[in-house]
Amino acid sequence: MFDEDELTENEIWFKNHRDFFPANFRENVESVMDMCMFQRRVFNKVMDELRPKIRQLMMKQFPLLQTEIRPLVVKSIDDIVHRTGQSMLFNLYGLMLDQRNGVDLREKYPDFDSWIRLYVHPPKPEQTDISFYDVFPDMTYEQKKELIDEEYEQDVEAYNWNESRRFEFFDVVQKVVFKHYEALQDLEGDGWNVYAIHVGMEYYMFRDDCYHIENFIEAKFPEEDINLSYPEYMKKLTQVKFNEITND
């Protein structure tokens with residue numbers, strides 16, 4: 001189960017004497033050993049290599065964050081860099097355990113198909129049916145068609161922009177993860193879809209965290225407001241956005 005050169009002195013001792021221990025105790029210790037090896041061989045190595053790459057990607061996709069110098073806000077930015085990838089790695093570790101134990105992933109995740117559509121294959125924009133504009137009798141067919149085409153073009157442009165940023169994140173993360181977590185190459189069937197779901201979830205957490213800081217900076221909130229609870233922050237941000245609209 002364990003390669004000799006991957007074990008600590010204590011782990012080697014246990015391996016050499018494991019048969020002297022009760023079966024249930026052996027299983028518990030081996031589970032802890034497995035987790036410790038995951039920490040040493042995968043988690044620490046991935047996070048050490050990933051963090052500077054995440055920071056670089058963050059500053060590329062959210063350049064406004066580079067302008068921030070206030071200590072509390074800078075700390076919040078650093079916190080995003082520090083934690084991005086952590087939950088994904090633990091989820092991937094759990095995925096490998098599920099595969100090892102023969103878990104039915106579609107049974108474990110009842111929202112499997114909707115998660116695929118949300119995190120792996122976001123739906124592409126569709127053109128509005130021309131009948132939608134029947135409520136505007138003064139519009140000609142040509143005017144309706146022109147408006148539909150313009151809206152669709154804008155939707156496709158926004159979709160491609162969002163997807164390009166998501167793919168950038170996937171590219172950065174996957175290169176590092178597969179480099180240090182070689183066991184992922186043994187994933188089978190739906191395991192690959194669950195893998196993509198976990199990476200997709202991590203991207204959206206990263207994106208939303210960065211948007212939060214970006215909106216904070218744009219709104220010119222005082223530094224101490226970075227520690228507001230999410231409901232308090234959204235209430236204040238909504239008021240700012242409302243004032244901008246009413247003052248235009």
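Me: Among contacts in the protein chain between residues at least 6 apart in sequence, what share joins residues at least 24 apart?
Reply: This is a predicted model, where local features need pLDDT of at least 70 and side-chain atom pairs pLDDT 80 or more, while totals for chains, interfaces and linings use all residues. Residues are numbered from 1 along each chain as its sequence is written, and side-chain values use heavy atoms, with hydrogens and water left out. Contact means heavy atoms within 4.5 Å. Of the contacts between residues at least 6 apart, the share joining residues at least 24 apart is 70%.

Me: How many helices and strands does the protein chain have?
Reply: Both are DSSP runs numbered from the N terminus: helices are H or I with at least four residues, strands are E with at least two. Along the sequence the pattern reads α-α-α-α-α-α-α-α-α. The count is 9 helices and 0 strands.

Me: What percentage of the 248 residues is buried?
Reply: Buried means under 20% relative accessible area, exposed over 50%, and partly exposed in between, with a 1.4 Å probe and protein chains only. For the 248 residues of the chain, the buried part is 35%.

Me: How many aromatic pairs does the structure hold?
Reply: Rings of Phe, Tyr and Trp (its six-membered ring) pair if their centres lie within 6.5 Å; planes under 30 degrees apart are stacked, over 60 edge-to-face, the rest tilted. The total is 19.

Me: What is the angle between the planes of phenylalanine 38 and phenylalanine 43?
Reply: Phenylalanine 38 is buried, because its relative accessible area is 4%. Phenylalanine 43 has 14% relative accessibility, so phenylalanine 43 also counts as buried. Their pair is tilted, with centres 6.4 Å apart and a plane angle of 50°.

Me: How many residues apart are phenylalanine 178 and tyrosine 195?
Reply: These two rings form a tilted pair, 5.4 Å centre to centre and 40° between the planes. Phenylalanine 178 is partly exposed at 22%, whereas tyrosine 195 is buried at 4%. Phenylalanine 178 sits in helix 7 (residues 141–180) and tyrosine 195 in helix 8 (residues 190–218), at a chain separation of 17 residues.

Me: In which sense, left-handed or right-handed, does helix 7 pass helix 8?
Reply: Axes are lines fitted to C-alpha atoms, for helices over the stretch in contact, and angles run from 0 to 180 degrees between N-to-C directions. The two helices pack at about 120°, axes 10 Å apart. A crossing is left-handed if the near helix is turned anticlockwise from the far one by less than a right angle, right-handed if clockwise. Here the crossing is right-handed.

Me: Which ring has the charged end of arginine 165 over it?
Reply: A charge sits over a ring if NZ of Lys or CZ of Arg is within 6 Å of the ring centre and within 35 degrees of the ring normal. Arginine 166 does this with phenylalanine 170, at 5.4 Å. Arginine 165 is 4.8 Å from the centre of its ring, which belongs to phenylalanine 62.
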